[in-house]
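Here's a chain to pick over together.

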Amino acid sequence: TMAMPMAEGGARAPGATMRLTYYFDVVSPYSAFSWAVIQRYKDVWGFELVLRPVFLGGLMQLSGNKPPGLLPARAAYMVEDLRRNARFFEVPLLPMPANFLSEAARGVMQCQRLLCAALTRSDLQRTEALVTELTSRIHLDASFRDEGNNVLINDALLLEALEASGFSTEEAQALLNRVASPEVKDALKSNTAEAAEIGAFGSPTMLVELDACGEAGRSTRESRSPEQFLVFGSDRFEQLAFMTGKTWFGPNLGRRNSNVGTSSARYMMSRPRL
């Protein structure tokens, strides 16, 4: 059992400072689901959000993991799983791009570097908006797919996403120009190495810290305290709420169920058609 102070019912006593360090690559469709939940719950749960863009291919290599698309049984399962999750999270995900494991995987590195460049401006609000805009263009907006269902990641897409996030044309171009800089490349490499160091093996991964103090995201598996724990995937938010004493209303706060417990919710899923 976890050596963590527990409130009645097994949940962490409410009122503690909570920090969520989010290791992610926008190429991951499951990160699209987790990002939607984070945006919906950030103010409700009142946690500090720390963004750590990573390169998923590099993280898998460091951790010894493999893309699910390379495992035939898992790839077939994932098609149906993504459809169910799209309905459950109310995130209208498009089918996986045909070039997901080739051009898209390489092109998305530019997205991740762009996010690292944006974070150097210490402008979290617009960087969060940029995560949303990039996620939309890769996973939700069919206008960025060609007739063969290939997602087209290029400078035009990046500039448009930047401007939609609130950056001026001049700021957007300046950030795009920094994508190839050694500083930005090193930042993405550092984030990816840090993710592997703390025990991450895919995207999304969240390091949850209660009574957070000090630098975010520097605990390893060996040094992690009982007030810190690692969460992988988009389907652990109810568990996260239970462990932190937060209230879980289901993946979409707009569809709250009236019978909600202190740290977990009984949630009835409607079936919107995509």
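Buried means under 20% relative accessible area, exposed means over 50%, and partly exposed is what lies in between, with a 1.4 Å probe and protein chains only. By that cut-off, buried residues make up 49% of the 274 residues in this chain. The model is predicted, so local features need pLDDT of at least 70 and side-chain atom pairs count only at pLDDT 80 or more, while totals for chains, interfaces and linings use all residues. Residues are numbered from 1 along each chain as its sequence is written, and side-chain values use heavy atoms, with hydrogens and water left out.

Q: What makes Cys-111 and Cys-116 buried?
A: Cys-111 comes in at 0% relative accessibility and Cys-116 at 4%. Both values are under 20%, so both cysteines count as buried.

Q: How many disulfides are there, and by what rule?
A: A disulfide is a pair of cysteine sulfur atoms within 2.5 Å. By this rule the count is zero.

Q: What counts as a helix or a strand, and how many of each are in the chain?
A: Both are DSSP runs numbered from the N terminus: helices are H or I with at least four residues, strands are E with at least two. That gives nine helices and four strands. From the N terminus on, they run β-α-β-α-α-α-α-α-α-α-β-β-α.

Q: How do you know which strands pair, and in what order they lie?
A: Two strands pair if DSSP finds at least two bridges between them. Six bridges join β1 (residues 18–24) to β3, running antiparallel, and Met-18 has Leu-210 as its bridge partner in β3. Five bridges join β3 (residues 205–210) to β4, also antiparallel, with Val-208 opposite Phe-229. The four strands form an open sheet in the order β2-β1-β3-β4, with mixed pairing.

Q: What makes β2 and β4 the edge strands?
A: β2 (48–53) and β4 (228–232) each pair on one side only.

Q: Why is β3 described as largely enclosed?
A: Six of its six residues are buried, so β3 is largely enclosed by the rest of the structure. In a regular strand the side chains alternate between the two faces of the sheet. Here Thr-205, Leu-207 and Glu-209 point one way from β3, and Met-206, Val-208 and Leu-210 the other, all of them buried.

Q: What makes a space a pocket, and what volume does the largest pocket have?
A: On a 1 Å grid over the protein atoms alone, a pocket is an open set of points where a 1.4 Å probe fits, with protein on both sides within 12 Å along at least five of seven lines. The largest pocket has a volume of about 870 Å³, meaning the space filled by probe spheres set on the points. Lining residues have an atom within 4 Å of a point. There are 40 of them, and the closest to the centre are Ser-28, Tyr-30, Pro-68, Ser-203 and Phe-232. Helix α3 gives the most to the lining, with seven residues.
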